[in-house]
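Trainee: I would like to go through this model one feature at a time. Please give the cut-offs as we go.

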Amino acid sequence: MNLLGNFSFCLLLLFYCSSSILAQELTLEEHVLNSKILNEEQKISVYLPEEYKKDSNHRYPVLYALDGKYYKKTVSAVIAHFYSEWLIPETIVVTIDNENRIRDYTPSPHPTADVPSGKADAFLDYMEKELIPFVDSNYQTSEFRILEGHSLGGLFSLYTVQARPELFTAHYAFSPSLHWGDNKTVEKIIEYLASRKSLEQFIYMNLGDEIVESEYEPGNTMASSFLKLQTFFKENSVSGLRVKSEVFATLPHVATNMTGLVNATNELYRNWVLPFKAMEKGPEAISEHYEKLSADLYYEIKPRMGPINFAADYVTNGIHSPRKGMKLLEYNAELYPDSAWVNFNLAKGHKQREDLVLAKKYGTKALKLIAQDDEELKSSIVNFLETL
């Protein structure tokens with residue numbers, strides 16, 4: 001590869017790996033819900049991707065984060081960084097400013113607790129019957145929901161797996177307080193999962209230096225409860241259930257939240273990025289990749305036009321195979337025949353190969369498909385056609 005070609009390809013690779021050097025400007029909307037179930041006001045914050053209003057038909061997965069008053073900025077920033085780098089789909093983040101976490105996150109009372117507790121089912125009622133319907137009715141949401149929690153929030157997230165198995169697709173539990181209530185939650189989860197032949201859900205859980213015995217917790221029941229559930233996952237499998245469990249012996253309790261959010265997101269969306277090997281092999285390999293991704297996330301995901309278009313550029317200019325690159329552009333047009341952007345890229349591909357008849361054909365088609373408000377793309381297509 002010559003110096004100019006190498007430089008151009010590096011720029012292309014940089015664009016693929018980092019769609020934006022700057023952080024996205026998230027839209028923050030705050031709400032106060034007057035909960036009849038909890039008989040109190042509940043505050044939530046909703047973070048929307050920068051391009052949220054661009055396509056009114058697009059539906060976004062939603063991450064619900066507990067203890068929002070402490071973690072809202074961190075969680076929203078981390079998730080936004082992931083999707084700004086094309087590593088995950090654009091996601092709506094809803095943070096919950098819970099007012100009484102011990103009461104609402106614990107499934108049962110604790111023998112030594114002298115404060116109200118054990119009302120997790122009531123809080124789940126609030127989420128299922130009030131919070132989620134409110135979010136779904138006011139925002140462009142899909143049915144793919146993630147529940148994220150730390151410490152008692154992690155306990156609540158794992159409890160939800162068996163208490164409301166259809167409510168969330170993925171559960172993140174960072175340093176979950178599974179010892180709460182004499183391990184009853186662990187027992188319920190194990191009993192429930194042992195009874196299931198299949199379950200289409202994802203679970204991530206981690207533990208920090210709670211593994212070290214504490215003078216405040218004889219026998220370190222927090223760690224022993226976690227390890228009991230971890231052992232069950234290692235020794236048993238449920239069809240469709242994906243589990244990632246990690247222990248960080250040197251990581252303090254307060255740090256498992258950040259590390260866990262990054263690792264959980266990476267693992268959940270482990271196949272989101274289209275690998276270079278699939279690009280090089282062509283349409284069949286790309287289709288196989290998206291089938292694997294769909295199995296990972298439990299819903300059908302159509303090969304995405306952006307990565308396929310990048311694949312065409314990469315194959316054409318990176319490994320110098322114009323014929324394979326054209327096949328990828330044609331494959332994209334078969335998948336998205338009504339996309340002006342896809343047809344325009346196909347037209348440019350034909351021009352690059354000096355087939356001006358087909359370049360004009362697909363450029364004209366793209367112009368007919370252009371949205372009325374997309375003046376920038378319309379201008380580019382018109383200028384392109386004038387060069388033919």
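Trainee: At what angle do helix α6 and helix α7 pack, and how far apart are their axes?
Mentor: This is a predicted model, in which local features need pLDDT of at least 70 and side-chain atom pairs count only at pLDDT 80 or more, while totals for chains, interfaces and linings use all residues. Residues are numbered from 1 along each chain as its sequence is written, and side-chain values use heavy atoms, with hydrogens and water left out. Helices are DSSP runs of H or I with at least four residues, strands are runs of E with at least two, and both are numbered from the N terminus; axes are lines fitted to C-alpha atoms, for helices over the stretch in contact, and angles run from 0 to 180 degrees between N-to-C directions. For α6 (residues 184-194) and α7 (residues 221-235), the angle is about 10° and the axes are 10 Å apart.

Trainee: How are α6 and α7 oriented to each other?
Mentor: Angles under 35 degrees count as roughly parallel, over 145 as roughly antiparallel, 65 to 115 as roughly perpendicular, and the rest as oblique. The angle here is about 10°, so α6 and α7 are roughly parallel.

Trainee: Which residues of α7 does α6 meet?
Mentor: Contact means heavy atoms within 4.5 Å. On the α6 side are Val186, Glu187, Ile189, Ile190, Leu193 and Ala194. Their partners in α7 are Ser225, Lys228, Leu229, Phe232 and Phe233.

Trainee: How do the residues of the contact of α6 with α7 divide by class?
Mentor: Ala, Val, Leu, Ile, Met, Phe, Trp, Tyr, Cys and Pro count as nonpolar, Asp, Glu, Lys and Arg as charged, and the others, Gly among them, as polar. By that scheme the contact of α6 with α7 has eight nonpolar, one polar and two charged.

Trainee: Is Tyr192 buried or exposed?
Mentor: Tyr192 lies in helix α6, and beyond its neighbours within four places in sequence it is in contact with Val161, Gln162, Pro165 and Leu199. Buried means under 20% relative accessible area, exposed over 50%, and partly exposed in between, with a 1.4 Å probe and protein chains only. At 14% relative accessibility, Tyr192 counts as buried.

Trainee: How are α10 and α12 oriented to each other?
Mentor: Helix α10 (residues 283-297) and helix α12 (residues 322-335) pack at about 50°, with axes 10 Å apart. Pro283, Ile286 and Ser287 of α10 make the contact with Lys327, Leu328 and Tyr331 of α12, which divides into four nonpolar, one polar and one charged. At that angle, α10 and α12 are therefore oblique.

Trainee: Which residues touch the most other members of the largest nonpolar core?
Mentor: A nonpolar core is a set of buried Ala, Val, Leu, Ile, Met, Phe, Trp, Tyr and Cys residues joined through side-chain atoms within 4.5 Å. The largest one holds 57 residues. The members that touch the most others are Tyr172 and Leu268.

Trainee: How many residues are in the other core, apart from that one?
Mentor: Tyr172 has contacts beyond four places in sequence that include Leu63, Phe202, Tyr204 and Leu268. Apart from the core of Tyr172 lies another, with Leu33, Leu155, Ile203 and Leu229 among its members. That other core has 51 residues.

Trainee: Where is Ser151, and what is its phi?
Mentor: Most residues other than glycine have a negative phi. Ser151 is in the loop between β5 (141-150) and α5 (152-163), and it is buried, with a relative accessible area of 12%. Its phi is positive, near 60°.

Trainee: What is the phi of Tyr298?
Mentor: Tyr298 sits in the loop between α10 and α11 (305-318). At 18% relative accessibility, Tyr298 counts as buried. Its phi is also positive, near 70°.

Trainee: What share of the residues in the protein chain is buried?
Mentor: The protein chain has 15 helices and eight strands. Its C-alpha atoms fill a box of roughly 80 × 45 × 40 Å along the principal axes. Of its 388 residues, the buried share is 50%.
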